Amino acid sequence: MDFFEHQEQAKGSSTRLVILFGLAVVALTAILYLSIAATLVYVTREEGEAALSLWNPELLFWVVLGNSLVIGCGSLLKILELRGDGGKIAQMLGGRLVHPETKDPAEQRLMNVVEEMAIASGVTMPEVYVLKDRSINAFAAGSNPSEAVIGVTTGCMHLLSRDELQAVMAHEFSHILNGDMRLNIRLMGLLNGILGLAIIGRILLEFTSREEKNPLPLLGVLLLILGGAGLFFGKWIKSAVSRQREYLADASAVQFTRNPEAMTGALKKIGGLASGGRIQHAHAEEASHLFFENGLTSRLGSIMSTHPPLADRIRRIDPQFDGNFPQITFEPTVSVVDQEPQLDLTQESHSPDFMQSAVMAGMMMGGSRMAWNPDQAVQAAGKPGQVQLQYAEALIQKLDLDLHAATHDPFGAQALVFAMLLSKETDWHTQQLEALEQQSSPELVREIKLLHPKVAAMDPRAKLPAVDLAIPSLKQLSPSQFNTFSSNLRWLVESDQQIDLFEYALQKVLERHLKSHFEETSSATDAYHSLIPLLPHCRLLISGFAHIGHTDPAAISHAFQHGTAGLGEHGKKLQLLDNADCGLGEMDQAIDHLNQATLTLRKKVVDCLAHTVGADGEVTLQEAELLRAFADALGCPIPPFVNGPQKPSNT
Amino acid sequence: MDLVSEIIMTGLLTVLGIMLVLVILVALWVMGIYNRLVTLRNRFKNAFAQIDVQLKRRYDLIPNLVETAKGYLKHERETLEAVIQARNQAAQAASTAASDPGSPGAVQALAGAETALTGTLGRFFALSEAYPDLKANSNMMQLNEELTSTENKVSFARQAFNDAVTTFNTQREVFPNNIFAGMFGFKEADLFEVKDEAVKEAPKVSFD
């Protein structure tokens, strides 16, 4: 199953969630109504008056209305609050943002592991938060991959080996790539509504006088009981929906790292630790399903648990597990030796020499072509493997230290991005720098000049990953700093007539990932459910891609036809556009419109682009990176294409 | 009497309903204000962390700088010592501020210490102008360059921090937030403002 199918499946779980939730609300309303009606009957009977019947349509109306209002508001508000930036959830749980230039060895190791994983899956580097808790646990939050954040407890950071930490991170990344996060946010939101009843109950109890005939405190008690029932339903819904996703994430993680011992090792350590995965925080209940392992003790046993039992999870990976957990105590030590990735030396294809030489070979043959199957591209999306992980490790190690450091702070990240987008012509880029001095600051231009020679010497495959690494630092810009940055960015792209498609794509990637962070309103998503209104835009993109790397009209036409073949009947009717008509302005519009389409449609478009580029059965490094950049700009992360022998995937 | 008690019952329920709704709305509104202030406070705390990282880098570079210069500036011990002292004080102030950037006075104290440090460094570099051997030393040149880069990063991070603090302070002061801000314990946050060193006094010329 690929990335997109996972997302679809997650949507299915989402529907189930909504149905279960609806049932719970109906049940709660019924309970509330019956309780109030029964009380009223009892009270009036006591008075010796004609008993009211149990069936009271007016009461029913008010109860349904009130209930819906409370639950509806509670849910809606929570969903709105949590939507978008996962950082809000992280902060709600008391998390502290880790700075990429941290001096703490445990944090450094964590950041290294997450960076490798981000590059290997082709997604932007998420923000990383640390929760101060001795238990071993982690979570991923945010509504989509570009707004994802990862949280890790100090116990997890210190008690796990590098490989085990990597396994846990892979599990979290799988949640991001499998579409679980949106589901989780919806879950948190809906449940908040049900819990709202209990909160109101408590308020009523506390603030009203206890006169004999005053029904308010009684109502308060009722609401409290209801709240408890709501909590019960809530846990039940959570467990029904989230357990399967946990098994799935475990399996995806093992597929990612090809290191089952690391995963079972991590799970065993949690089992062996006295506090296990338990998070001591007021908000742990709300977010319990987001965690790697159970964040709460469940008095109702494992039925209500958000996570499958540890032993079962271990057995799914290692059927030989005997059920014994090692004893662990908390001792925060992370040696410097553990910082570097331990490349597995026992298997031939994973030897460090092999990876280094593969990367070196790629560097030497800049314009080299590799044989390539276009279907590979989209299928690989969201399903990174061990080969991509090792590629990511090698890429980071080869990356110039100053460039890597530049991605870690907002000032350096800006300079890096501008340096990447400067004109290749010396005269023109000198003029650009002079203009930038006025539009930004001389200090920034100084930094750009320092980085520029290194950027010019960069491996083309490192450019998109560098941008992905720089994004969390750019998110730290203040709103006014961001405005200056984005207007300068746009100016830089527009002022350079020679700018190539790849650099343009990098700008779109930045725009996509940063806009959602800085703008409170989210743009229309899923506005288009059919590609038919978007055909002119598809035509433009495919034409643009067809012209890349080809001068022979026959080859261009061939590529175009290959690309439009995926669009079916409508595709056949499309006509190739001239190169002159595929300007950046038109591309901009095309991408912006396509971004309003559903994920499935965008996948189709990326698939078409992949076929356009691979029409002649081969693809250059530059073309591959261009495809990845456009895919990223369209919200469909594709892992890096890696040369060399790959193990066939098992799904 | 039945009709009357029925009317009273209906009336009571309606009032109940309206009261409930009002209570909920007010509670939600206040919660919203609280959450917004918390978010803005977290934002400036994160922004401070950006400054802190660059300041630490600066404080790490300075001892190297002094070590390199010691050999050349044998008779300028006072200046070198002043640099180290100012650096230590600033490092101390930074770690205090880092533990809680929102506590009143902490960031201001840091700003003062930083101004002093910049002053001593300025005198140090002015002095080293007179020692061409020192200026030409490759280690010195590299350190100088790194220091400049770091100071640029500090300046940039300070700008973002001040933006975030201003936003927080404004939100704290507007009506009706100001009513609740005090109740919830949100204190006004300091800006990180480094003053330029006072212009050196012109040498007095006497015509006795």
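A residue counts as buried if 20 or more other C-beta atoms lie within 10 Å of its own, as exposed if 12 or fewer do, and as partly exposed in between, with C-beta atoms placed from the backbone. By this definition A:Arg258 is partly exposed, because 16 other C-beta atoms lie within 10 Å. The model is predicted: local features need pLDDT of at least 70, side-chain atom pairs count only at pLDDT 80 or more, and totals for chains, interfaces and linings use all residues. Residues are numbered from 1 along each chain as its sequence is written, and chains are lettered from A and ligands numbered from 1 in the order in which they are written.

**Loop residue of chain A**

- A:Arg258 sits in the loop between α8 (215–257) and α9 (260–272) of chain A; helices (H or I, at least four residues) and strands (E, at least two) are DSSP runs, numbered from the N terminus.
- The phi of A:Arg258 is near 50°, a positive value in a residue other than glycine.

**Sheet of chain A**

- An open sheet of 4 strands in chain A has the order β1-β2-β4-β3, with mixed pairing; two strands pair if DSSP finds at least two bridges between them.
- At the edges are β1 (96–97) and β3 (138–141) of chain A, each of which pairs on one side only.
- β3(A) and strand β4 (residues 149–153) of chain A run antiparallel and are joined by 4 bridges.
- Opposite A:Phe139 stands A:Gly151 in β4(A).
- Helix α4 (residues 105–121) of chain A lies across β2 (127–131) and β4 of chain A, running at about 140° to β2(A). Axes are lines fitted to C-alpha atoms, for helices over the stretch in contact, and angles run from 0 to 180 degrees between N-to-C directions.

- Helix α5 (residues 138–173) and helix α6 (residues 177–184) of chain B pack at an angle of about 105°, with their axes 6 Å apart.
- α5(B) and α6(B) are therefore roughly perpendicular to each other, a term covering angles of 65 to 115 degrees.
- B:Gln171, B:Arg172 and B:Glu173 of α5(B) make the contact with B:Asn177, B:Asn178 and B:Ala181 of α6(B); contact requires C-beta atoms, placed from the backbone, within 7 Å.
- In the loop between α5 and α6 of chain B lies B:Pro176, joined to B:Phe175 by a cis peptide bond with omega about 5°.

**Domains of chain B**

- Chain B is assigned domain 1 (1–31) and domain 2 (45–184), with bounds from an automatic or database domain assignment.
- The C-alpha centres of domain 1 and domain 2 of chain B lie 59 Å apart.

Note on methods
Angles under 35 degrees count as roughly parallel, over 145 as roughly antiparallel, 65 to 115 as roughly perpendicular and the rest as oblique. Two residues are in contact if their C-beta atoms, placed from the backbone, lie within 7 Å.
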